[in-house]
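Follow the paragraphs below with the model open beside them.

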Amino acid sequence: AALAMSASEEKSELPNRETLKEAGDQEVAAGNFKQAAEFYTAAIAAAEADSAKNERDYALFGNRSLCYIKLRMYEEAKHDAQQAVARNPQYVKGFYRLGLCQMELADAA
């Protein structure tokens, strides 16, 4: 029966950025940072494919940055922290994570 869906029904079944973000948040809460990062990556892709910009999208980068820090992937975490603060200069957690990455990378620029 699932194969009989029309194209419009199928499109509405694709997970949106909010659903993906919530899934990522649940994985973070469970300590599954690798899986969470994958959900945030998918949420970022969904957000970038969506012409309607959401001012909360900075949090997707911030959350993925946290995951990368937990996975000791500091270059990736630094990049995401930079993306987050570029989108929201008031995002304190983003600056904190950026500083953490710079310390870990001995990149005190």
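In helix α3, the buried residues are F33, A36, A37, Y40, A43, I44 and A47. Their directions from the axis fall within an arc of 120°, so these residues line one face of α3. The arc is taken from the directions that run from the helix axis to the C-beta atoms. Buried here means under 20% relative accessible area, exposed means over 50%, and partly exposed lies in between, with a 1.4 Å probe and protein chains only. Helices (H or I, at least four residues) and strands (E, at least two) are DSSP runs, numbered from the N terminus. An α-helix has 3.6 residues a turn, so residues three or four places apart point the same way. On the other side of α3, K34 and A49 are exposed.

The model is predicted: local features need pLDDT of at least 70 and side-chain atom pairs count only at pLDDT 80 or more, while totals for chains, interfaces and linings use all residues. Residues are numbered from 1 along each chain as its sequence is written, and side-chain values use heavy atoms, with hydrogens and water left out.

The length of α3 can be checked against its residue count. The expected span of a helix is 1.5 Å times one less than its number of residues. For the 17 residues of α3 this gives 24 Å, and the end C-alpha atoms are 24 Å apart, which agrees. The cover over the buried residues of α3 includes α2 and α4.

Helix α4 passes the corresponding check: its 13 residues should span 18 Å, and its end C-alpha atoms are 19 Å apart, which agrees. This helix is mostly covered, with 11 of its 13 residues buried. Those residues are Y58, A59, L60, F61, G62, N63, R64, S65, C67, Y68 and I69. They pack against α2 (17-29), α3, α5 and α6 (92-104). After α4 comes R72, whose phi is positive, near 60°.

Which residues touch the most other members of the largest nonpolar core? They are Y40, L60, C67, I69, A77 and C101, out of 20 residues in that core. The elements that give two or more residues to this core are α3 (33-49), α4 (58-70) and α5 (74-87). A nonpolar core is a set of buried Ala, Val, Leu, Ile, Met, Phe, Trp, Tyr and Cys residues joined through side-chain atoms within 4.5 Å. In soluble globular proteins, nonpolar side chains tend to be buried together. Y40 is in contact (heavy atoms within 4.5 Å) with K21, G24, D25, V28, L60, N63, R64 and C67, leaving aside its neighbours within four places in sequence.

R64, in helix α4, counts as buried at 11% relative accessibility. Not counting residues up to four places away in sequence, R64 touches A37, Y40, T41, I44 and D80. R64 and I44 are 20 residues apart in sequence and 9.5 Å apart in space, C-alpha to C-alpha.

What joins the side chains of R64 and D80? It is a polar contact of 2.5 Å. A polar contact is a pair of N or O atoms within 3.5 Å; within protein, one must be able to donate a hydrogen and the other to accept it, and residues adjacent in sequence count only if both atoms are side-chain atoms. D80 has its place in helix α5 and is buried, with a relative accessible area of 1%.

S65 lies in α4 and is buried, with a relative accessible area of 0%. A polar atom of its side chain lies 2.9 Å from the backbone oxygen of A77. Leaving aside neighbours within four places in sequence, S65 is in contact with A77, D80, A81 and R97. S65 and Q83 are 18 residues apart in sequence and 9.5 Å apart in space, C-alpha to C-alpha.

Turning to the whole protein, there are six helices and zero strands. Of its 109 residues, 36% count as buried. Among contacts between residues at least 6 apart in sequence, 49% join residues at least 24 apart. The protein exposes about 6,900 Å², of which carbon and sulfur atoms supply 55%. Accessible areas come from the Shrake-Rupley method with a 1.4 Å probe; for residues, only the protein chains shown count as cover.
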